[in-house]
Amino acid sequence: MDGIPVRARVYVVCAAVGALCCLLPLTTDRTPWWPVLLLAALYACGERVARRRFAGTLYPVLLAGAFLFPAAAAALVPLPGALLSRVEHGPAALRRVWRAARLTLGVWAASRTHEALGGREAVGASDSPALLLPAVAAVLVLCLVLAVLDGGILAPAEGLPPQRARHGLFLRSLAPVGVHGLAGLMMAVLWHSPYGPVAALLVLFPMGVSWWVFAQYHRERAAHQATIRALVQAVDIKDGYTRGHSERVGQASMLIARELGMDEDRVEVIRFAGILHDVGKLGVPTRLLRKNGPLTPGERRVIELHPEYGHEITRGISFLGEARSAILHHHERLDGSGYPYGLVGSQIPEPARVVAVADAFDAMTSTRSYSRARPVPAALEELRRCAGDHFDPRMVTALTRVIARDGWHPVVTADEPHLPAQSPAAAPERPGARR
């Protein structure tokens, strides 16, 4: 991580300068130091526990500060915890500064919004109807600021187009931060109650339960990813000629699904389908995949069984859902000339139609020992030519539209090996050809 681009480093410095500007009024305002330091210490301790045992950020404490204190004082609450937070990857100092800057800016903006709408007076008076709207607005502003900042750092750090870097960040953060916002509001109201800060801190106990549940979900997703990686690595070892192909097909499938407006859960399943579409090659004899010379009709029929092998291999992996239908049918064609079952038109499951386009696109745009990569425009033109006969025109149009807008930036996860001349046995299917 020491090779972080200069633009990303400059972005972090600018965010840090902005955060310091948010804290300047502390020197002139009447800052309630003891309550602020109490919440800051609580956040610092709780954040270490949350990151080590659970997952995520202690947003209830941050939002309670935004609801209770002036903007500059509220922005101070996340500072010690962020600067002292545990960092798994370097450069540690830059990462800590970035965490502190983004949270300081987000909490400052949320507090200013809350105060501008009369939220602090409503919280102090425990006016239930009046305190809801400012709190909701503050949560929305916090999510928006964090999404903009995160998208801004991802663009230079990962080399992504800005629109793609920001895609989905706001919506993904809205639900969890919204729930935490409710807990933060309860903390703020109880803080002003006769029971004082002690009662406010009790709100964190049920939040601990929710963090535990989320941590289990996070670990389950990590296990899913490990399962996918293991299967892909096994395919890459057996059929090294297409190393990296699976990940790129998964990426292209994800872009198509998002462009079609599918929800994020389904997008993730279709990405899994793209990554695992060739897992059935594990059931094909290696000598056929690497055969020098043309295949006999019988050998070709064996290779054409790989979608069914893939379907069987993934039968017990419940989280794949409809991805298994895409693995089985990604070589079907709209005109019925595909395999394994010769399905026609809408008989082919939608995920399979997505993966079919992504698979053909990567086959055409990747350099292999048996062929040179086609330019992206030429590959898209070939897909459009075959749309309606082989490929679903909706999927082709979606891929064309997203690449025209954002470009094609395939994620390279492995180097292409230097291998001898390739026979047609292991060659990926081209549009218009049946394999």
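The model is predicted, so local features need pLDDT of at least 70 and side-chain atom pairs count only at pLDDT 80 or more, while totals for chains, interfaces and linings use all residues. Residues are numbered from 1 along each chain as its sequence is written, and side-chain values use heavy atoms, with hydrogens and water left out.

## The whole chain

Let's start with the big picture. The chain has 21 helices and zero strands. Here helices (H or I, at least four residues) and strands (E, at least two) are DSSP runs, numbered from the N terminus. Of the 435 residues in the chain, 51% are buried. Buried means under 20% relative accessible area, exposed means over 50%, and partly exposed is in between, using a 1.4 Å probe and protein chains only.

What share of the contacts with a separation of 6 or more comes from residues 24 or more positions apart? That share is 72%. A contact means heavy atoms within 4.5 Å.

## Two helices, end to end

The table lists two helices with their lengths. The expected span is 1.5 Å times one less than the number of residues.

| Helix | Residues | Number of residues | First to last C-alpha | Expected span |
|---|---|---|---|---|
| α6 | 92-116 | 25 residues | 36 Å | 36 Å |
| α13 | 245-259 | 15 residues | 21 Å | 21 Å |

Helix α13 is mostly covered, with 13 of its 15 residues buried. Both helices are followed by a glycine with a positive phi: after α6 comes G118, near 80 degrees, and after α13 comes G261, near 85 degrees.

## How helices pack

Two packed helices are described by the angle between their axes and the distance between the axes. The axes are lines fitted to C-alpha atoms, for helices over the stretch in contact, and angles run from 0 to 180 degrees between N-to-C directions.

Take α8 (residues 128-158) and α10 (residues 169-191) to begin with. They pack at an angle of about 140 degrees, with their axes 9 Å apart. The two helices are therefore oblique to each other. Angles under 35 degrees count as roughly parallel, over 145 as roughly antiparallel, 65 to 115 as roughly perpendicular and the rest as oblique. α8 passes α10 in a right-handed crossing. A crossing is right-handed if the near helix is turned clockwise from the far one by less than a right angle, and left-handed if anticlockwise.

Which residues meet there? On the α8 side they include L131, L132, A135 and V139, and on the α10 side they include L169, F170, S173 and L174. By class, this contact has 16 nonpolar, four polar and one charged residue. Ala, Val, Leu, Ile, Met, Phe, Trp, Tyr, Cys and Pro count as nonpolar, Asp, Glu, Lys and Arg as charged, and the others, Gly among them, as polar.

Now for α14 (residues 264-275) and α19 (residues 350-365). Their axes lie 10 Å apart, and the packing angle is about 55 degrees. That makes α14 oblique to α19. Here, too, the crossing of α14 past α19 is right-handed. R266, I270, A273 and G274 of α14 meet E350, P351, V354 and V355 of α19. Sorted by class, this contact has five nonpolar, one polar and two charged residues.

## A few single residues

Is L38 buried or partly exposed? L38, which sits in helix α2 (residues 33-53), is partly exposed because its relative accessible area is 40%. Leaving out residues up to four places away in sequence, L38 touches W191 and P197. The C-alpha atoms of L38 and P197 are 9.5 Å apart, though 159 residues separate the pair along the chain.

T400 counts as buried because its relative accessibility is 17%, and I403 counts as buried at 9%. Not counting residues up to four places away in sequence, T400 touches L380 and R384. With such neighbours set aside for I403 too, its contacts are F361, V376, L380 and W408.

T314 lies in the loop between α17 (306-313) and α18. T314 counts as buried because its relative accessibility is 0%. Beyond residues up to four places away in sequence, T314 touches V279, L320, R324 and I327.

Most residues other than glycine have a negative phi, and most peptide bonds are trans. A cis peptide bond joins Y339 and P340, with omega about 15 degrees. P340 is in the loop between α18 (323-329) and α19.
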